[in-house]
Amino acid sequence: MSANSAKQGIPFVVAAPSGTGKTTVCRRVVERDGRISFSVSHTTRRKRNGEVEGRDYCFVDEPEFRRLVIESAFLEWAEYNAHLYGTSWKAIDRGLAGGRELLLEIEVQGARQVRARRSDARLIFLLPPSMEELERRLQGRGTDSAEEIRRRLEVANQELEAIGDFDYSVTNDDLKGCVANLLEIIRAEREGSVGELRERFSPVAAAEKFRGSRARKP
Ligand code: 5GP
């Protein structure tokens, strides 16, 4: 952790299986809470239409990314879909300065690295309502082949195994409710009064319920 950590706000990490609706949920949270902003990651993937350098990502090539890894510039980094993604210490220190908070919208391997390196981080796992609904949502996007959807569901299953490393789990069954729950968690953590929230949004209980919903299906 850096020397000025005393003045830093809380890093909130949101991870979820692909197709859970994480980006939409996170955007709404940042729009509605003026004290939290997005952490801007580095990535080796190509810029998509409408994306802006420095706002959506810092776009770098792989040699540059690898150089930053060697220099220990990243709090966490991971490979996802054949591209590299990472959160730099610079992004963290800048974003948390003066007690402001950051939202790290990252995948599960990266979230686990944050867990290991930042005891002040709060990790939130977004769950889809069910595996069947996740499959429906992935199909509904119309961007992936059947094989790609099968692969994403397999990855989602593996990601679920990590849910015990998280502090909270929130189910995205309805966007408005899910955003409200996240805002409630963020505000309570900020005020240091989480009360029964950890129980209400217990990742272990949520995982059991989720697995149960799968087990009941024929
Ligand atoms: P996309 O390419 O669609 O923007 O992102 C692909 C995946 O990479 C998403 O799950 C996103 O949350 C994750 N991601 C974005 N930035 C980072 C990062 O800095 N670190 C890690 N570990 N994952 C990231």
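These legends walk you through several close-up views of a predicted model. Residues are numbered from 1 along each chain as its sequence is written, and side-chain values rest on heavy atoms, leaving out hydrogens and water. Because the model is predicted, local features need pLDDT of at least 70 and side-chain atom pairs count only at pLDDT 80 or more, while totals for chains, interfaces and linings use all residues.

**View 1. Phenylalanine 125 and phenylalanine 166 form an aromatic pair.**
Rings of Phe, Tyr and Trp (its six-membered ring) pair if their centres lie within 6.5 Å; planes under 30 degrees apart count as stacked, over 60 as edge-to-face and the rest as tilted. By this rule there are 6 aromatic pairs. The one shown here is edge-to-face, at 5.0 Å centre to centre with 85° between the planes. Phenylalanine 125 sits in strand β8 (residues 122–127) and phenylalanine 166 in the loop between α6 (146–160) and β9 (168–171), 41 residues apart. Helices (H or I, at least four residues) and strands (E, at least two) are DSSP runs, numbered from the N terminus. Phenylalanine 125 is buried at 0% relative accessibility, and phenylalanine 166 is buried at 5%; buried means under 20% relative accessible area, exposed over 50%, partly exposed in between (1.4 Å probe, protein chains only).

**View 2. The largest nonpolar core has 28 residues.**
Such a core is a set of buried Ala, Val, Leu, Ile, Met, Phe, Trp, Tyr and Cys residues joined through side-chain atoms within 4.5 Å. Among the residues with the most contacts inside this core are Val13, Val114 and Phe125. Helix α6 gives the largest share, 4 residues. A second, separate core of 23 residues includes Phe12 and Leu197.

**View 3. Glutamate 101 and arginine 35 meet in a salt bridge.**
A salt bridge is a side-chain nitrogen of Lys or Arg within 4 Å of a carboxyl oxygen of Asp or Glu; here the N to O distance is 3.7 Å. Glutamate 101 lies in strand β7 and arginine 35 in the loop between α1 (22–32) and β2 (36–38), so the pair ties together parts 66 residues apart in sequence. Glutamate 101 is buried, at 2% relative accessible area, whereas arginine 35 is partly exposed, at 41%.

**View 4. Cysteine 26 is in no disulfide.**
A disulfide is a pair of cysteine sulfur atoms within 2.5 Å, and the whole structure has 0 of them. For cysteine 26, the nearest cysteine sulfur, that of cysteine 178, is 8.7 Å away. Cysteine 26 is buried, with a relative accessible area of 0%.
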